[in-house]
Amino acid sequence: MSSLKDNSAHQQAILKKLYLIRDVEEAIAERYSEQEMRCPTHLSIGQEGAPSALAPLLTFDDYAVSSHRAHAHYIAKGGDIKAMIAEIYGKATGCSGGRGGSMHLIDESVGFKGSTAIVGNTIPLGVGLALSQKMRKQQNLTVVYFGDGATEEGAFYEAVNFAVVQKLPVLFVCENNLYSVYSDLSQRQPEGREIHKMAAGLGIDSYYADGNDVVAAYDCYQAVVTNIKAGQGPAFIELPTYRWREHCGPNYDNHIGYRTEEEYQQWRKLEPISRFEDWLQENGLMTARDMRAIREEVKAEVQQAFEFAKASPFPDATTVANYIYCEDE
């Protein structure tokens, strides 16, 4: 396995994903008050490192599923941002035809098999996808993204147990941002519990890496992905990170009492993009000019995506009942 320092293609791919996720979501936050995006949005600003570090290690034939905070995972897997933004605007050109909104994204052309609003709901679905890959003898894996709150759902334990027993090619990625809506871990889990160690108790190979340190996360992912694709069975990775904005919506909410401004500022200093930029420059891998060029390319893509979404038509009203019931045979 080569290190990230020796792989310039992966360095550029990760940096572009980081910029793309951040800029798309900052644009959503900036425009949300226009009242044209008529669905809830759960932003991943501050959490871009975990999916971006994994992105270049996956192929189009690998699968991924996510939960309500899915924008970053969709983008990292290669999802079409024009279709994603159109979906958030409720347009017919959206990736779910304008019917699902922010929490129901899908792009099967790149193996992103969907996201749902129900906490933990896609965990067993991802395991089912991995089972299908094993039955077809494919040399691929399924990534299941979820937050720390999902590890408190029964479906998590059942799915991990099944994956271990069946030795399935599934990677469970827990982005631990410390909060389930407004409740921190101390209010939800026993003192001293470490999620990755708890998962290891279920018999799964379990790992821990800094979710805001792209290089450390990449190294961990690379070893784990290699093992899974070699047939060694499932793995679990816990990645601590931190969301900057409110649980649901475009605003900051440090003033309402469940977390402090001081805590937010401490985590903001650890954010993944500037840390990765510093690492690239310190190691002579990329210049500030190189990074500006990638950022400008991304900004143009984001602008085009919003223009596309706003110019797209709404779904035809006569199709409102489509896809609700199975048609008679």
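Helices α5 and α6, the latter formed by residues 154–166, pack against each other at an angle of about 15 degrees, and their axes lie 9 Å apart. Because angles under 35 degrees count as roughly parallel, α5 is described as roughly parallel to α6. The model in which this arrangement is seen is a predicted one. The crossing in which α5 passes α6 is left-handed. On the α5 side the contact involves Ile-123, Pro-124, Val-127, Leu-131 and Lys-134, which meet Ala-155, Phe-156, Ala-159, Phe-162, Ala-163 and Gln-166 of α6. When the residues of this contact between α5 and α6 are sorted by class, nine are nonpolar, one is polar and one is charged.

A second pair of helices is formed by α4, residues 81–88, and α12, residues 288–311, whose axes come within 8 Å and cross at roughly 45 degrees. This angle makes α4 oblique to α12, and the crossing of the two helices is right-handed. The residues that make the contact are Ile-81, Lys-82, Ile-85 and Ala-86 from α4, together with Glu-301, Val-302, Gln-304, Ala-305, Phe-306, Phe-308 and Ala-309 from α12. Of the residues in the contact of α4 with α12, eight are nonpolar, one is polar and two are charged.

Turning to the open spaces, the largest pocket has a volume of about 350 Å³. Its lining consists of 26 residues, among which Ser-67, His-68, Gly-147, Asp-148 and Gly-149 are the closest to the centre of the pocket. At least two lining residues are supplied by each of α5 (122–135), β3 (142–147) and β5 (179–180), and β3 gives the largest share, three residues.

The residues that line the largest cavity are Asp-205, Tyr-207, Val-224, Asn-227, Ile-228, Gln-232, Gly-233, Pro-234 and Ala-235. Strand β7 (205–208) and helix α9 (214–229) each supply at least two residues of this lining, with the largest share, three residues, coming from α9. In the lining of the largest cavity, five residues are nonpolar, three are polar and one is charged.

Definitions and conventions: Residues are numbered from 1 along each chain as its sequence is written. This is a predicted model: local features need pLDDT of at least 70, side-chain atom pairs count only at pLDDT 80 or more; totals for chains, interfaces and linings use all residues. Side-chain values use heavy atoms; hydrogens and water are left out. On a 1 Å grid over the protein atoms alone, a cavity is a set of points where a 1.4 Å probe fits but cannot get out, and a pocket is an open set with protein on both sides within 12 Å along at least five of seven lines; lining residues have an atom within 4 Å of a point. Grid points are joined across faces, edges and corners, and a volume is the space filled by probe spheres set on the points. Helices (H or I, at least four residues) and strands (E, at least two) are DSSP runs, numbered from the N terminus. Axes are lines fitted to C-alpha atoms, for helices over the stretch in contact, and angles run from 0 to 180 degrees between N-to-C directions. Angles under 35 degrees count as roughly parallel, over 145 as roughly antiparallel, 65 to 115 as roughly perpendicular and the rest as oblique. A crossing is left-handed if the near helix is turned anticlockwise from the far one by less than a right angle, and right-handed if clockwise. Contact means heavy atoms within 4.5 Å. Ala, Val, Leu, Ile, Met, Phe, Trp, Tyr, Cys and Pro count as nonpolar, Asp, Glu, Lys and Arg as charged, and the others, Gly among them, as polar.
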